Amino acid sequence: MATTTAFSFSSSSSSFAASLAFFLLLSLKTANGDGTFGVQQQQHFYTVQLSSLFPSDSCSPAPSTKGLNKLPVFHKHGPCAQAQQLTSTKPTADEILRQDESRVRTIQSRTRKSDVRVTESTTIPAKDGSIVDSGNYIVTVGLGTPARQLSLIFDTGSDVTWTQCQPCVEPCYQQKEKIFDPSSSKTYRNVSCDAAACSALDAATANRGCRASTCVYGILYGDASFSIGFLAIEKLTLTETDVFDEFYFGCGQNNKGNFGGAAGLLGLGRNQLSLVSQTSDKYKKLFSYCLPSSPSGTGFLTFGGAATKSAVKYTPIASVAGGDNFYGIGITAISVGGKKLPVAASVYSDAGAIIDSGTVITRLPPAAYSALRSAFRKQMSKYPLAQGLSILDTCYDLSKFKNFAVPKIGFFFAGGAEVDIDAVGILYAIKPTQVCLAFAGNGDAKDVAILGNVQQQTLEVVYDGAGGRIGFASGGCK
């Protein structure tokens, strides 16, 4: 990312000259050299072009995936999804935030605090029978023989991969592709009730049953969406060269919910039924993704290694009570504008934290969020406040500013990793008159904190399950 030129004046320079320098700084062309992104950096601030916070109506080209185990990623409500007829209507910001709150409530109900510590790897059996709401980002994979291309929502907070299957017991929800028909595949077979994979559904927070000796799964999401069907084995094709013959998945014959036209879900959680665990012999539980800076952009999901050439900053995976299927992280401090918040490290450790691809807005312990909000408002005091929306209580009317300055926000993690959130990860823009701080406070100090997907945008996030660590690299995608 480009860096602005430093201005210097002698001690005799007039206040007019200093004001002029600041004006020139804000008036700089804020696109990078390739014209792709409207942000420039100062030491502790970003200078942001207001228009860069709003997605275009066209889908940006996907990054090259040649020679890589890399799948294009796009937002289920963005123009890339609309171009592929995955979704016809885009929910309002208020609806998105309500759905996000539903997901967060479900996560927190499963991770009520009893003990949190940073370790290399820890497994605690999950006991909650519900699962979080589905995520926001879509990839396309092949299933069956011959392979049928299916668009699935990928989610680090879910374990079981499933897709809608014929015949539908109840009317299936509308999806882009033709619904998968097991009878048309040469490699499909059901899983028996006495198979170990059927028993594994319990730890994957799915209900299980038995019908004519065939294993039946049931997944209930936080927003009352659900999928019910047979646990089955099929051939999974991720790329032309990466094919898995014995992949366990849910063949859903009774499904309901708002999945944005996707055919189902790709589970990237930590349970043995997740894609990550099922492909561990080849990929060693190593995968990464980069979420684009805008719903009109395209990111990637890659398996077997990090795609970035930048330095990856790692932090150990932390254990979170009741949340063994989630990826825990140890937050130790947060900075705003280059200054750490006056919040004790115990505030973060007492709550515990996870990173989640499906949660939109980052949730923080009440004391941490209060301090962050206070510091952010102080450094944004020149801009007029606007009415909040739902869980977002710090919003600004920036309609009269072509460019504006926003303080950088940095996260400090266990093990010494320091990660600056990208400019687009600090704000949630609803409209020019309502641009909000993209963080919210939890209702209880013991509720688990969640690093959401807005804050992850443009970072390549590396999940090294075998190594017991999670990494971050800046500039993973645009």
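Predicted model: local features only at pLDDT ≥ 70, side-chain atom pairs only at ≥ 80, totals over all residues.

Residues are numbered from 1 along each chain as its sequence is written, and side-chain values use heavy atoms, with hydrogens and water left out.

On confidence: pLDDT is the predictor's confidence in each residue, from 0 to 100. The chain has a mean pLDDT of 84, with 82% of its residues at 70 or more. Over residues 1-37, pLDDT stays under 50, and the model has 48 contacts beyond four places in sequence for them; contact means heavy atoms within 4.5 Å. Residues 113-133 also have pLDDT under 50, with 72 such contacts.

How many aromatic pairs does the structure hold? There are 19 aromatic pairs. Rings of Phe, Tyr and Trp (its six-membered ring) pair if their centres lie within 6.5 Å; planes under 30 degrees apart count as stacked, over 60 as edge-to-face and the rest as tilted. Tyrosine 188 and phenylalanine 249 are edge-to-face, because their ring centres are 6.3 Å apart and their planes stand at 80°. This pair links distant parts of the chain, 61 residues apart: tyrosine 188 is in the loop between β7 (162-164) and β8 (189-190), and phenylalanine 249 is in strand β12 (residues 243-256). Strands (E, at least two residues) and helices (H or I, at least four) are DSSP runs, numbered from the N terminus.

Tyrosine 188 is buried at 19% relative accessible area, and phenylalanine 249 is buried at 2%. Buried means under 20% relative accessible area, exposed over 50%, partly exposed in between (1.4 Å probe, protein chains only).

Tyrosine 327 and tyrosine 463 are also edge-to-face, at 4.7 Å centre to centre and 70° between the planes. Ring pairs place both in a cluster that includes Phe154, Phe244 and Tyr283.

Next, a charge over a ring: the charged end of lysine 340 sits over the ring of phenylalanine 412, 4.4 Å from its centre. The criterion is NZ of Lys or CZ of Arg within 6 Å of the ring centre and within 35 degrees of the ring normal.

Lastly, helix α8: its buried residues include Ala368, Tyr369 and Leu372. They line one face of the helix, because they fall within an arc of 165° seen down the axis; the arc is that of the directions from the helix axis to the C-beta atoms.
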